[in-house]
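Subject: Structure handover

Hi,

Here is the structure for you to look through. Please open it first, then read my notes below.

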Amino acid sequence: MRKSMVRMALVGAIASCMPTLAHASGQLPVPPSTEQFESHEACLAALQDTYAQDKKQISAKQREPNGDTREVVLDTKGIESLGPNHARYEATLWYHNGRFDSELQKTETSHTYERLLSECTDKTLQTSGENGYTLSTFDP
């Protein structure tokens with residue numbers, strides 16, 4: 001009886017560690033915020049400014065002389081009109097940073113992202129999102 005209880009406790013302890021060991025990605029929410037503007041047009045201007053700032057961050061893949069890489073990708077449909085006095089800007093900025101491993105002769109690339117959803121309803125801008133990462137990849 002005691003042996004089976006120890007075995008069950010051991011299996012439980014191992015099982016509780018499994019999600020941590022197998023965890024290949026993660027995310028943290030961006031605290032939601034609300035902002036009031038003078039008009040719907042002013043709210044739209046804020047969306048357009050955010051979109052312009054995101055586009056400035058785009059960077060084609062660059063490889064350093066030591067083999068390291070860097071790339072920033074913007075995934076969005078742009079500003080979408082959802083009806084009178086209702087617009088949305090949803091975007092994900094992907095940051096891909098690679099380090100060349102001379103022993104493996106491969107580049108390990110980490111992938112992090114910032115996802116933002118901003119929505120204007122009349123004069124109110126509501127913003128939410130998340131920051132996260134995914135499993136690294138290895139490229140020749």
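The six strands form an open sheet with antiparallel pairing, in the order β1-β6-β5-β4-β3-β2. Two strands pair if DSSP finds at least two bridges between them. The edge strands are β1 (26-36) and β2 (59-63), and each of them pairs on one side only. From one strand to the next, the twist averages 15°. As background, strands of a sheet pair through backbone hydrogen bonds, either parallel or antiparallel.

This is a predicted model, where local features need pLDDT of at least 70, side-chain atom pairs count only at pLDDT 80 or more, and totals for chains, interfaces and linings use all residues. Residues are numbered from 1 along each chain as its sequence is written, and side-chain values use heavy atoms, with hydrogens and water left out.

**The layout**

The chain has 2 helices and 6 strands. Their run from the N terminus is α-β-α-β-β-β-β-β. Helices (H or I, at least four residues) and strands (E, at least two) are DSSP runs, numbered from the N terminus.

Look at β4 (residues 86-101) and β5 next. These two pair in the antiparallel sense over 16 bridges. One of the bridges to find: D101 has K106, in β5, as its partner.

Now find α2. This helix lies across β2, β3 (69-83), β4, β5 and β6 (124-139), and runs at about 15° to β4. Axes are lines fitted to C-alpha atoms, for helices over the stretch in contact, and angles run from 0 to 180 degrees between N-to-C directions.

**The disulfide**

How many disulfides does the rule give? The count is 1. A disulfide is a pair of cysteine sulfur atoms within 2.5 Å. C43 and C120 form it, with their sulfur atoms 2.0 Å apart. C43 lies in helix α2 (residues 40-57) and C120 in strand β5, so the pair ties together parts that are 77 residues apart in sequence. The link is left-handed, at -100° about the S-S bond. Both C43 and C120 are buried. (Buried means under 20% relative accessible area, exposed over 50%, partly exposed in between, with a 1.4 Å probe and protein chains only.)

T109 is in strand β5 (residues 106-121). T109 is buried, at a relative accessible area of 6%. Leaving out residues up to four places away in sequence, T109 touches T69, H96, N97, G98, S136, T137 and D139. Contact means heavy atoms within 4.5 Å.

S128 is in strand β6. Is S128 buried or partly exposed? S128 counts as partly exposed, at 28% relative accessibility. Beyond its neighbours within four places in sequence, S128 is in contact with V30, P32, R115, L116 and L117. The C-alpha atoms of S128 and S33 are separated by 6.6 Å, though these residues are 95 apart along the chain.

**The whole chain**

Of the 140 residues, 23% count as buried. Take contacts between residues at least 6 apart in sequence: 55% of them join residues at least 24 apart.

pLDDT is the predictor's confidence in each residue, from 0 to 100. The chain has a mean pLDDT of 86, and 83% of its residues reach 70 or more. Among the elements, α2 has the highest mean (98) and helix α1 (residues 2-22) the lowest (40). Over residues 1-23 the pLDDT is below 50, and beyond near neighbours in sequence this stretch has 1 contact in the model. Where pLDDT is low, the predicted coordinates should not be read in detail.

Best wishes
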